[in-house]
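Dear colleague,

Please find below the structure that I am handing over to you.

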Amino acid sequence: MEGGPDLQLQQLPLATAAVSVLPHEDPYSYKENLIGALLAIFGHLVISIALNLQKYSHIRLAGSRDPRAYFRTKTWWCGLFFLLLGELGVFSSYAFAPLSLIVPLSAVSVIASAIIGIIFIKEKWKPKDFLRRYVLSFVGCGLAVVGTYLLITFGPNSHEMMTGDNITKHLVSWPFLLYMLVEIILFCLLLYFYKRKNANYIVVILLLVALLGSMTVVTVKAIAGMIVVSIQGSLQLGYPIFYIMLVCMVATAVFQARFLTQASQLYDSSQIASIGYILSTATAITAGATFYLDFTGEDVLHICMFALGCLIAFLGVFLITRNKKKSIPFEPYISMDAMPGMQNVHDKGIAVQPDLKASFSYGALENNDSMAEIYTPATLPIVQEEHGSKGVSALPYRVLEHSKKE
């Protein structure tokens, strides 16, 4: 009888602790999710504005006779300031919201870049041409906005204090160790095929970037969380795990930049943006689910709606980047009419010039009304002579008259 009250008093804290770990019960966790999501959206929006400002600075210098370097212009420094401000906002967002919620919100930067490119476009288009050219961008922006809304609404709601002890426990947990084993094996295989077998496929390069990026975001969240906890009063900078995460963050970010530079030299930027976003988001969500256990305690409905939001955002980013116009690089060629013994006119009356769409290949230039006048084949004067004497030989080839319409 004497142990009864003691037994009940010992069970009350356990029951209270069990209730506190249930998801979607604490309104403060929703507030933290909202703060993190708003910081991420603000950061990606400011980063897009910064990059466009720096690009505008380069374009102005290239189109003028200004001998100054780009880093001596106020526009470029203004873009750099906004870039640092945006990166600070994204970095801070990882300390408030789960990793799996923050990473997909990078689609905001793609949406902002598309809108800025349309607003500040300098060419004048007819309404019909404008809709035909940018209809995919509008549809992609709408899908990306819908996907972002679903991500914020149905995102994971797991929160914990980012202390050194908690991060160390996550680092040696068996789900993350298994994930790291699989990632290291996959990374080594891709690196072998990329370096030894010359498999310079865009999926291979960007998958290497995505695998490194998954570790980068894991370390960024750990560092940002420990800094916030230290500011709140519990100093965490004395733990060795903080400096281990810092070294891993810098190393993975540097190697990411190297692989991205190699990819940008081989493929178009729109392909890199769409495929890189999809692969990086998928691997980062997987890393967050295994390291921080983001989806622990979530119901099936929230997980399915979150996955649907990711798919819609993927489709939106793909449509936005697919609509970007690809630039045709200039390729030198040898004028065919400069070669002795070559005819200047085909049987169809089209001048012989290289095909701009192929790589160092020769062929007839396609009829394109949007081409400049310098690419229009010159009209050759044809002089018909009457040969009265039989001793004069005929022309070595036949010349056909063609109308201007042909």
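**Aromatic rings and helix packing**

F176, Y179, F291 and Y292 belong to one cluster, linked by ring pairs. Please bear in mind that the model is a predicted one.

Y292 also takes part in a contact with a charge: the charged end of K221 sits over the ring of Y292, at 5.6 Å from its centre.

The count of aromatic pairs comes to 10. One of them joins F242 and Y243, whose ring centres are 5.2 Å apart and whose planes stand at 90 degrees. This pair is edge-to-face, because planes over 60 degrees apart are classed in that way.

I turn next to two helices. Helix α11 covers residues 269–291 and helix α12 covers residues 300–322. Their axes come within 8 Å and cross at roughly 165 degrees. Angles over 145 degrees count as roughly antiparallel, and α11 is therefore roughly antiparallel to α12. The crossing of the two helices is right-handed.

Which residues meet where α11 and α12 are in contact? On the α11 side they are S270, A273, S274, Y277, I278, T281 and I285. Their counterparts in α12 are F306, C310, A313, F314, V317, F318 and T321.

Yours sincerely

Methods: Residues are numbered from 1 along each chain as its sequence is written. This is a predicted model: local features need pLDDT of at least 70, side-chain atom pairs count only at pLDDT 80 or more; totals for chains, interfaces and linings use all residues. Side-chain values use heavy atoms; hydrogens and water are left out. Rings of Phe, Tyr and Trp (its six-membered ring) pair if their centres lie within 6.5 Å; planes under 30 degrees apart count as stacked, over 60 as edge-to-face and the rest as tilted. A charge sits over a ring if NZ of Lys or CZ of Arg is within 6 Å of the ring centre and within 35 degrees of the ring normal. Axes are lines fitted to C-alpha atoms, for helices over the stretch in contact, and angles run from 0 to 180 degrees between N-to-C directions. Helices (H or I, at least four residues) and strands (E, at least two) are DSSP runs, numbered from the N terminus. Angles under 35 degrees count as roughly parallel, over 145 as roughly antiparallel, 65 to 115 as roughly perpendicular and the rest as oblique. A crossing is left-handed if the near helix is turned anticlockwise from the far one by less than a right angle, and right-handed if clockwise. Contact means heavy atoms within 4.5 Å.
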